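I opened the model to look up its aromatic rings. These are my entries.

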Amino acid sequence: MRPRIGITSWHHEEGGERWEYVPEPYSRATAQAGGLPLILPTIHVGAAFKPAPTLDELLDAVDGLLFTGGEDIHPSFYGEPIEERCGRIDQDRDHFELELAQAALDRQIPIVGICRGIQLLNVVLGGSLYQDLSYRPGTLPYHHSSREKRYTLIHKVNLQPESHLAKVFGRSAFDVTSTHHQLLKDVAPPLKAVAFSDDGVVEGVEAENYPFLLAVQWHPERMIRKHPEQLALFQALIQAASSRRERRGPSGSY
Ligand code: MN
């Protein structure tokens, strides 16, 4: 069986209903790399039904996690007031994903974070964010490209050659898409910044002393069609998830 990869979702309210969804490139990339993509609803937050599924039940059902892009994280989670240029926030999603990430880290589940995902992992581990790129001196505005350019390569990233991330991609520099307006400020100590843009923005982190955690600020899932080497991040996640699954055995227990 393919390793099961839980993918975090967006939600909004429409016509009195709650909609939960992900952009298709995340699940396509996961499947293309050999994983079974499973979209995770933000079920246990304010769930209208009782008893809501628990995080343990949810984590029993996956072998790896993909934290996707999305809204800004409420600054209260890193101890700051909301500043003027902070963007849209979904606090239900924040609560769910921060609890999910902490529980997954406790279980040492393989994790990849993308865009909001790198920010979320930094925050849950005690790091902080710039609420807008204009708040970090020297940051160039191109990181926040328009929706029409979300598949366009915007800027270069430089990866530390000895990093896990560079080994996964098999190279230490390439051009990437970029649609983020927030960025990492203080990088939480368990994480190590290993990829940077030329203007010094943290574009990639990895965790030391953890089985598998890689996170990037760009969008590899959108690049795969034209730049298939970006699939390597998903393949690495699926390989780690597969190894973990084998260690757990057929019963799913440890
Ligand atoms: Mn960028």
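**Aromatic rings**

I found that one aromatic cluster is formed by Phe 169, Phe 174 and Trp 218. I worked on a predicted model, where local features need pLDDT of at least 70, side-chain atom pairs count only at pLDDT 80 or more, and totals for chains, interfaces and linings use all residues. Residues are numbered from 1 along each chain as its sequence is written, and side-chain values use heavy atoms, with hydrogens and water left out.

I searched the whole structure and got four aromatic pairs. Rings of Phe, Tyr and Trp (its six-membered ring) pair if their centres lie within 6.5 Å; planes under 30 degrees apart count as stacked, over 60 as edge-to-face and the rest as tilted.

Among the pairs I noted Trp 10 and Tyr 26, which are tilted at 6.2 Å centre to centre with 45° between the planes. Trp 10 is in strand β2 (residues 10-14) and Tyr 26 in helix α1 (residues 24-32), so this pair ties together parts 16 residues apart in sequence. Helices (H or I, at least four residues) and strands (E, at least two) are DSSP runs, numbered from the N terminus.

I then checked burial, where buried means under 20% relative accessible area, exposed over 50%, and partly exposed in between (1.4 Å probe, protein chains only). Trp 10 is buried at 14% relative accessible area, and Tyr 26 is buried at 2%.

I also looked for charges over rings (NZ of Lys or CZ of Arg within 6 Å of the ring centre and within 35 degrees of the ring normal). Arg 93 lies over the face of Trp 10, 4.6 Å from the ring centre.
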